[in-house]
Every structure is written in C-alpha cells, then in structure tokens.
Amino acid sequence: MMSLSVQGMGMTSLRTRERMIKRLSEQGIKNKRLLEVMRDTPRHIFMDEALSSRAYEDTSLPIGYNQTISQPYIVAKMTELLLETHPLVGKVLEIGTGCGYQTAILAQLVDHVYSIERILPLHKKAQQDLWDLKHKNISYLYGDGHLGWPDYAPYDAIIATAAPVEIPPQLLQQLAIGGVMVLPLGAGQQNLQRITRTETGFDIEKLEAVTFVPFLTGKE
Ligand code: SAH
C-alpha cells in the first residue's frame, strides 16, 4: 500500500491529469464540468498497481477477467453524449460496472447511478473502491444487464460499456420518454449509438466506430 501511494505521486499527479484533460479538449470534448470531474477523479485507483503509472494514457487497459477499463476519450465521449441531450440527468442505469471508473465520473454529474455487473469479483471490488472514494449516490447490482433493473425504472439515461449485437428490449422499456441511451452496438464492427426515446418511438443516431468487450449473457 505504502509503495503505491509513494510511487503514485509522480505518475498520477495533478499535472499528469491536466495533460489528460488538455488532450481530451483537443479531441473535441467540450463539457467543462465533465472535464473538471475527469481532472479530479483518480483513475489510477481503479486499476492494478502494476498499471497505475499508465492510468492517464489515452488507452484501454486490462482490469482482469478478460475485461478492460475504457480509454479516457471514450468515457468522456459517452458521458458528453449523455449529458448533451439531458443536462440535468436524475437517474442513470449503467450496464458494465467493470472497475467502476465510468461509474465514478457519472456519480459526480447526475443524481444517482444504478450500476449492474455480471462478474462477481469486479462487482465487489468496484463497490469497495467507490465507497472508499466516498461516492454514496450509487446502487450496485450483481446481475445480467439484459434484464436492466426494473425496480428503479424509468431511467433518464442508460449507458452500456459492453457491446450487444442488438439492444436488449428490456433496456428500451426502462428508458424514460425524453431519456437517452448511449451504447456500443454490433458484433464485429461496432458503432457508438445514441438512442433517444420520444413520445412515439426511438430516434437512433449512429456515431463513431468503437471497440468494446461483448455484452454477455448470465453471471459468472
Ligand atoms: N466501464 C467499465 C468497462 C468495463 S468493460 C470500466 O471502465 O471499467 C465492460 C464490463 O461490462 C465488464 O466488466 C463486463 O463484465 C460487463 N458486462 C458485459 N456484459 C454484461 C451484462 N450482460 N451485464 C452486466 N455487465 C456486463
């Protein structure tokens, strides 16, 4: 523990994070509040000690169990897409807690995050790390995101950080009218998509090409 905090000081300093924010701005991220939150959130806490020195590089990194923490640009882009439609988001449903970094960013920008993870050790570790960071407006479910979390529906926003081939119908049902869903979609070739629920149906915007781990069925 000692070695992490000491070693961490140089690599994970505010200056390193400020460089990350500058890069995100250059990549087109505009939301000031989001950039501040990403500057102030210690991404290195969410990863293995051996990788913490690379935490602020613009790359995805392994978090165990064949899963990855999304690259900072993708976290920023998805969050920005979500807030653009809905500047004052109340409840967000997140599928794929993973290490909890995206969850931490969301928790500082919305009222409450409901986050589902299907791999038990990831679910438990993220919960502990986010609690240690004093995030209290998050509820956690160990389960299969295909089912959503009906108890707290409808949600103002839904975000998935794993790619389904088709959008699970339960997730569409649990989106509020006027609500927005941001997710990667597709089998081989994936695209980021933003789906907005209207009074009469769903508007779909197909955005940039992305690479995410697959959205799987069941729990492990
Ligand atoms: N936002 C996370 C991304 C982790 S990778 C982070 O930055 O760490 C995607 C995560 O989605 C993995 O943890 C994976 O286990 C989870 N996942 C995949 N399919 C799922 C499903 N059907 N329900 C819940 N979680 C799922």
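**Exercises on aromatic rings**

In this predicted model, K136 lies over the face of W131, 5.3 Å from the ring centre.

**Exercise 1.** Determine which ring the charged end of R43 sits over, and at what distance from its centre.

*Solution.* The ring is that of Y101. The charged end of R43 is 5.1 Å from the centre of this ring, and the cut-off for such a contact is within 6 Å.

**Exercise 2.** Classify the aromatic pair formed by F46 and Y101, and explain which parts the pair ties together.

*Solution.* Step 1: A pair of aromatic rings is described by the distance of the centres and the angle of the planes. Step 2: By the rule that centres lie within 6.5 Å, the count comes to five aromatic pairs. Step 3: For F46 and Y101, the centres are 5.9 Å apart and the angle between the planes is 70°. Planes over 60 degrees apart count as edge-to-face, so the pair of F46 and Y101 is edge-to-face. Step 4: F46 lies in the loop between α3 (32–40) and β1 (61–64), and Y101 in helix α5 (residues 101–107), so the pair ties together parts that are 55 residues apart in sequence. Step 5: Both F46 and Y101 are buried.

**Exercise 3.** Classify the pair of W149 and Y152, and state whether each residue is buried or partly exposed.

*Solution.* Step 1: The centres of W149 and Y152 are 5.3 Å apart, with 85° between the planes, and the pair is edge-to-face. Step 2: Buried means under 20% relative accessible area; W149, at 9%, therefore counts as buried. Step 3: Y152, at 35%, counts as partly exposed. Step 4: Ring pairs link W149 and Y152 with Y114 and Y155 into a cluster.

Definitions and conventions
Residues are numbered from 1 along each chain as its sequence is written. This is a predicted model: local features need pLDDT of at least 70, side-chain atom pairs count only at pLDDT 80 or more; totals for chains, interfaces and linings use all residues. Side-chain values use heavy atoms; hydrogens and water are left out. Rings of Phe, Tyr and Trp (its six-membered ring) pair if their centres lie within 6.5 Å; planes under 30 degrees apart count as stacked, over 60 as edge-to-face and the rest as tilted. Helices (H or I, at least four residues) and strands (E, at least two) are DSSP runs, numbered from the N terminus. Buried means under 20% relative accessible area, exposed over 50%, partly exposed in between (1.4 Å probe, protein chains only). A charge sits over a ring if NZ of Lys or CZ of Arg is within 6 Å of the ring centre and within 35 degrees of the ring normal.
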